[in-house]
Amino acid sequence: MHLKRKKLRLRGTQSATFLITLILLVALPGYLAWENRVQWDVTQNERNSLSPTSLEVLKQMEGPLLGSVYISPQDAQLGNVSKIIRDFLTPYQHAKPDFAVTFIDPSEHPDLAREAGVEGNGEMIVEYNGRVEQLTTFNEHALINLLMRLMRTGSRPVVTLSGHGERRLDGIGNRDLGEFGQQLTAKGFRIQPLNLVTTPEVPANASLLIIASPQADLSEGEVDRILAYIERGGNLLWLLDQQPLHGLQPLAEKLELTLTPGVVIDPQAGQLKAPVTFSVGATYGEHPITRNFDYLTVFPFARQITINENDTWHSLSLVEAGENGWVETGDLKAGIAFDAMYDVSGPVSIAAVLSRTVNDQEQRVAVIGSGYFLANGYLGYGRNLDFGVNLVNWLAGDEDLIAIQPRTTIDNSLTLKEPTLTIIAWGFLIVMPLIFLGSGMMIWWRRKRR
């Protein structure tokens, strides 16, 4: 009898321990889920999460970021617009806790909207370190461009050589660089044309000079002014085509470069259904411009750039192409074929970067053997735009802002209404734990009856 009571007592203890453990196992996940919100983005390209670019920009912003959204709470077509904008901004506030956003109804506070310069419903004024920008389109690309403009504290202009048929950064022709110029402007660069016939020198406050494929010869005086700019430590982006240098041979000599005539032939381009006169950039030198840049670029009608040995410049081949190709020195219209006597076998360098110290500051130069790669007609090839923006950021001394553009959305979002979310939450937090608890009680009851 005593042994039987002891067994019953032991069984009861075991049952109680099992029941308490079961309750804890059921209740603990529910409590943790209730107190801690964890999200997973399962969309194809994580479109509901911030891109690494956005996270990096927010990480670099030291100090508070203030946003004032001027929006009416309801819209006849879109419904609760304030909630839409609030949901859009929430991930940015999670990544940067001192990003404070205030919602203001312009119909109730017209004086505030007028003082802020708000003209329409649904605009946000963003303030950072005393600088102010206005956002009218709520998407990741627009907001990150705005934040990069706020971070770009310098006002030194990017000057572009003009007067010789250069590719224009505000031009709309296929050979012009207008779309690229718009991207630079959106990121806070101030672009200003420069005619060295009417201007005695390259402005001392220029962040860099861009020479984009002149089509006419420069005068000796203009070349001398460019050389003087280089001599005093000015930064330069030189875009070359396969045409003659139009008087800029002294600049190539100043930079210790040999610019081989001819067009690079790249059979790899043919595999990508592109002309073999388009060089595919896939091999990059180790440099801030190409750090974490694992993308293809395309350089139409590129020419070879050879770095001469020298003690003046620290030089690096930035892009190599035509691994199985060559530099075609003959007439392209007469047929494309490798001639070992005249042509140069690949791979060849089609872009180079140079740097040196002048007056205790680093001077930066980039020479690209294709002006086409940033032209309106070719900017969308590969990641040419990202590569070009990285180039200008580095040359202007803003390498901290070098980043790949926010990704393009390629999938649709799944939006669940509040009643559906409530049912799912009750199912996981209440119903399922009750099922587990009921199952445990049944098992316990059956064991007790044995």
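In this predicted model, strand β20 spans residues 348–358, and ten of its eleven residues are buried, so the strand is largely enclosed by the rest of the structure. A residue counts as buried here when its relative accessible area is under 20%.

Strand β20 has pairing partners that can be followed one at a time. Strand β17, which covers residues 314–321, pairs with β20 in the antiparallel sense over seven bridges. Within this pairing, Leu316 stands opposite Val353 of β20. Strand β21, made up of residues 361–368, also pairs with β20 in the antiparallel sense, here over eight bridges. In that case Ala352 has Val367 in β21 as its bridge partner. Strands β20 and β21 form a hairpin with two residues between the strands, and in this hairpin Asn359 takes a positive phi near 55°.

The description now turns from strands to helices. Two packed helices are described by the angle between their axes and by the distance between those axes. Helix α3 (residues 81–95) packs with helix α5 (residues 140–151) at an angle of about 45°, and their axes are 12 Å apart. Because of this angle, α3 is oblique to α5; angles under 35 degrees would count as roughly parallel, and those from 65 to 115 as roughly perpendicular. The crossing of the two helices is right-handed.

Which residues of α3 and α5 meet? From α3 come Phe88, Leu89 and Tyr92, and from α5 come Glu140, Leu143 and Ile144. Sorted by class, the contact of α3 with α5 comprises five nonpolar residues, no polar residues and one charged residue.

Methods:
Residues numbered from 1 in each chain as written. Predicted model: local features only at pLDDT ≥ 70, side-chain atom pairs only at ≥ 80, totals over all residues. Heavy atoms only, no water. Axes fitted to C-alpha atoms, helices over the stretch in contact; angles between N-to-C directions. Helix = DSSP H or I, 4+ residues; strand = E, 2+ residues; numbered from the N terminus. Parallel < 35°, antiparallel > 145°, perpendicular 65-115°, else oblique. Left-handed = near helix turned anticlockwise from the far one by under 90°. Contact = heavy atoms within 4.5 Å. Nonpolar A, V, L, I, M, F, W, Y, C, P; charged D, E, K, R; others polar. Buried < 20%, exposed > 50% of the residue type's maximum accessible area, 1.4 Å probe, protein only. Pairing = 2+ DSSP bridges.
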